Amino acid sequence: MHLVNDTAKKLTALTMTIGLILIDLLVKHQIASSLTVTGTRPLIEGVLSLHYVENHGAAFSILSGHAWIFILTAVIFTVVALFFFFKYPYQADLTRVGILLVAGAIGNLYDRVALGYVRDFFRFDFINFPVFNLADVYITMAACIIVFGILFGKHQKASHNEETRNKNNEGE
């Protein structure tokens, strides 16, 4: 029964990953079709706009012309993540992070391989920040979950509970 439940959860996670990749690619296609390169359309006036750019590097176009670095990194990361996903039992927290990371990596990997650049389109208008896309949002969300997990995760709760028990035992 546990194996069936584990398999069902993994299939759901794979379906969600594929869904996020498809959403990323469809939105990129729609934006690229409706805006010219460096064309802009406000979403929230003065805050967020659609601003289509073809990014040949990473944030702020660093390492422009070195797509192979990003392609190799994304392929290695995706292969390693899938290896662990299939080799080990389902773990909800890791799977949530993995879904976002793999979807983001593959979304941008597709662009780099198929087009030679990444289609970016979200721009914060009130600060100088790189233009980004949904795949970047997925990766950033995963990074935030990891950081919050480290700072406020279960190990922090366990440590706090142990400290409380120790203080209570000292008072007796």
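Trainee: In this predicted model, over which ring does the charged end of lysine 10 sit, and how far is it from the ring centre?

Mentor: A charge counts as sitting over a ring when, among other conditions, NZ of Lys is within 6 Å of the ring centre. The charged end of lysine 10 sits over the ring of phenylalanine 85, and its distance from the centre of that ring is 5.4 Å.

Trainee: Is phenylalanine 83 buried, partly exposed or exposed?

Mentor: Phenylalanine 83 belongs to helix α2, which spans residues 67–87, and it contributes to a nonpolar surface patch of about 730 Å², together with residues including Trp68, Leu72 and Phe84. Buried means under 20% relative accessible area and exposed means over 50%. Phenylalanine 83 has a relative accessible area of 45%, so it counts as partly exposed.

Trainee: What kind of aromatic pair do phenylalanine 83 and phenylalanine 84 form?

Mentor: The whole structure holds 10 aromatic pairs by this search. For phenylalanine 83 and phenylalanine 84, the centres are 5.4 Å apart and the angle between the planes is 75°. Planes over 60 degrees apart count as edge-to-face, so the pair of phenylalanine 83 and phenylalanine 84 is edge-to-face.

Trainee: How many residues apart in sequence are the parts that the pair of phenylalanine 122 and phenylalanine 132 ties together?

Mentor: The ring centres of phenylalanine 122 and phenylalanine 132 lie 5.6 Å apart with their planes at 45°, so this pair is tilted. Phenylalanine 122 lies in strand β3 and phenylalanine 132 in the loop between β3 and α4, so the parts tied together are separated in sequence by 10 residues.

Conventions
Residues numbered from 1 in each chain as written. Predicted model: local features only at pLDDT ≥ 70, side-chain atom pairs only at ≥ 80, totals over all residues. Heavy atoms only, no water. Patch = residues over 30% accessible without salt bridge, like charges linked within 9 Å, V, L, I, M, F, W, Y side chains within 5 Å. Areas by Shrake-Rupley, 256 points an atom, 1.4 Å probe, with all protein chains shown as cover. Salt bridge = Lys/Arg side-chain N within 4 Å of Asp/Glu carboxyl O. Helix = DSSP H or I, 4+ residues; strand = E, 2+ residues; numbered from the N terminus. Buried < 20%, exposed > 50% of the residue type's maximum accessible area, 1.4 Å probe, protein only. Phe/Tyr/Trp six-rings, centres within 6.5 Å; stacked < 30°, edge-to-face > 60°. Lys NZ or Arg CZ within 6 Å of the ring centre and 35° of its normal.
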